[in-house]
Amino acid sequence: MLEGVLAPGERLPSTRQAAGDYGVSRGMLEEVFAQLTEEGFLERAVGRGTFVAATVTRLGQPIARRKTRSSPPSRRGASISANAACREPAAPRPFNAGIADTSEFPWKLWHRLQTRASRQLDRDALNFADPRGLLQLRDAVSRYLAQFRGIRCSADRVIIFNSAQQVLCALAVLLLDRGDAVWLEDPGYLGARAAFDLAGAKLVPVPVDDEGLRVDAGLRRAPNARLAYVTPSHQYPTGVALSLDRRAALLEWAARNQSWIVEDDYDGEFRYEGQPLASLFSLDSHERVLYLGTLNKSMFVSLRLAYVVVPEELVEPLANLRTQLDGFTPALPQMTMSLFMDEGYFSSHLRRMRTLYGAKRAMLLEGLAPLARRGWTWPSNPAGMHLLIRHPDGDSVRRLAAESPLDLALLSTYRDAKRTDEGLLLRFGALDEATLRSATETLVAAAMRV
């Protein structure tokens with residue numbers, strides 16, 4: 001009828017005849033005709049028969065429409081959505097693999113703990129809705145931070161989120177008015193830039209050198225900034241550590257100006273020589289530092305568990321804000337993670353992964369050694385799952401990246417200020433040793449030819 005095969009006014013066969021034609025019961029045809037009549041497609045008259053309704057003519061005619069382009073996103077939306085820095089690659093390959101290596105993860109143990117967690121939570125898990133997070137996990141995180149990061153805090157000051165990026169978005173909205181100035185490391189993490197841009201902040205790029213964030217430059221550019229975002233233990237992406245003098249200067253500025261410092265300790269667990277560097281939070285005596293950590297980097301990327309430690313007066317406002325983002329994190333993965341931490345499996349897993357990542361980093365450095373004679377440099381800070389290598393000839397580096405079959409991210413992608421030098425960010429965490437060795441050889445051979 002809609003396609004015009006049966007024209008308006010055309011008489012249909014009787015239900016008895018149609019049932020015979022289609023090989024179905026007459027009762028079914030009666031139901032079909034009755035429904036089509038009720039919906040207005042057919043008209044039935046006693047003694048005359050069943051006819052296609054005239055209304056079908058209007059339904060069958062396609063509406064003439066002008067061809068128009070679909071509405072584009074807003075300028076702001078297009079700008080922000082063009083930043084794909086927070087999006088994980090579809091598959092880890094050299095050198096985009098900055099996520100955790102799961103080849104050594106104790107899956108069978110995790111599954112057993114997940115079953116136990118489900119039994120312990122029972123029906124309480126169905127009603128869980130605390131935006132602060134499960135108390136058991138907040139307790140476990142606070143004990144872990146005290147033991148391994150020198151951070152003394154009660155569970156009441158810990159709030160669980162799904163990711164560090166979600167924490168940054170929430171803090172940006174909570175702490176900033178539109179137009180407030182924010183210090184951002186330059187080069188720096190693009191996800192932080194996106195979070196503060198979404199909140200309408202005024203972004204103030206502050207240069208990073210071999211000692212980390214240039215606090216003096218930040219004071220010249222925006223002395224009254226409301227917030228500073230830093231990655232002090234292993235700066236992203238350069239890999240340098242913030243010196244003690246700079247840490248002291250940053251804390252003094254925040255205390256004097258009543259500004260906030262967001263300390264993103266995204267891979268603080270992975271330092272391969274000596275003990276982890278002291279956190280800014282542990283040096284802060286004025287409660288101006290908000291400490292941000294993630295379990296997705298140390299466990300596995302799909303876990304979706306991160307946390308932030310905040311002053312007591314920010315706990316409830318941040319929890320209320322969390323309910324306006326996505327409500328809360330499900331109870332089952334939180335309970336499983338709390339068991340994993342409380343029973344010592346997390347610390348054992350971290351020791352095993354530190355050894356694994358440390359060996360990968362050493363292999364990468366050994367393979368890159370010939371490039372040192374060609375003017376390439378890299379930081380000595382023995383930490384993390386990525387390495388930034390730099391060269392003063394930016395054009396050669398960009399040509400190398402464009403021609404290489406490897407997935408190479410340029411340092412300029414993370415910069416605000418334009419420089420003549422250039423670099424390559426090599427993320428190796430999820431690569432197996434054979435792939436890492438082969439990719440390093442490919443990179444070195446190409447760099448030697450450029």
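**Close-up 1. Arginine 132 and aspartate 130 form a salt bridge.** In this predicted model, the side chains of the two residues meet with N and O 2.9 Å apart. Arginine 132 is partly exposed, at 27% relative accessibility. Arg138 belongs here as well: Asp130, Arg132 and Arg138 are linked in a network of salt bridges. Across the model, the count of salt bridges comes to 17.

**Close-up 2. Aspartate 421 forms salt bridges with arginine 390 and arginine 415.** With arginine 390, the N to O distance is 3.6 Å. This pair links distant parts of the chain, 31 residues apart. Aspartate 421 sits in the loop between β13 (409–410) and β14 (422–427), while arginine 390 lies in strand β12 (residues 386–391). With arginine 415, the closest N and O atoms of the bridge to aspartate 421 are 2.9 Å apart. Which of these residues are buried, and which are partly exposed? Aspartate 421 has a relative accessible area of 17%, so it counts as buried. Arginine 415 is buried too, at 9% relative accessibility. Arginine 390 is partly exposed, at 24%.

**Close-up 3. Strands β2 and β3 run antiparallel in a hairpin.** Strand β2 covers residues 42–45, and strand β3 covers residues 49–52. Four bridges join the two strands. Alanine 45 stands opposite glycine 49 in β3. How many residues lie between the strands of this hairpin? There are three. In this hairpin, glycine 47 takes a positive phi near 85°.

**Close-up 4. The largest nonpolar core holds 59 residues.** Which members touch the most others? They are Trp183, Leu250, Met299 and Met337. Helix α14 (residues 331–342) gives the largest share of this core, six residues. Look next at leucine 250. Leaving aside neighbours within four places in sequence, leucine 250 is in contact with Trp183, Leu213, Val215 and Ala228, and also with Val230, Leu242, Ile261 and Leu280. A second, separate core has 29 residues, including Phe161, Ala172, Leu175 and Val182.

**Close-up 5. Helix α9 has several buried residues.** The helix spans residues 190–198. Leu190, Gly191 and Ala192 are buried, as are Ala194, Ala195 and Phe196. An α-helix has 3.6 residues a turn, so residues three or four places apart point the same way. What do the buried residues of α9 pack against? One partner is a helix, α8 (164–175). The others are strands: β5 (181–186), β6 (202–209) and β8 (227–230). Glycine 200 follows α9, with a positive phi near 80°.

**Close-up 6. Cysteine 153 is buried, and cysteine 169 is partly exposed.** Cysteine 153 has 14% relative accessibility, so it counts as buried. Cysteine 169 has a relative accessible area of 23%, which means it counts as partly exposed. A disulfide is a covalent bond between the sulfur atoms of two cysteines. How many disulfides does the model have? The count comes to zero.

Key
Residues numbered from 1 in each chain as written. Predicted model: local features only at pLDDT ≥ 70, side-chain atom pairs only at ≥ 80, totals over all residues. Heavy atoms only, no water. Salt bridge = Lys/Arg side-chain N within 4 Å of Asp/Glu carboxyl O. Buried < 20%, exposed > 50% of the residue type's maximum accessible area, 1.4 Å probe, protein only. Pairing = 2+ DSSP bridges. Core = buried A, V, L, I, M, F, W, Y, C linked by side-chain atoms within 4.5 Å. Contact = heavy atoms within 4.5 Å. Disulfide = S-S within 2.5 Å.
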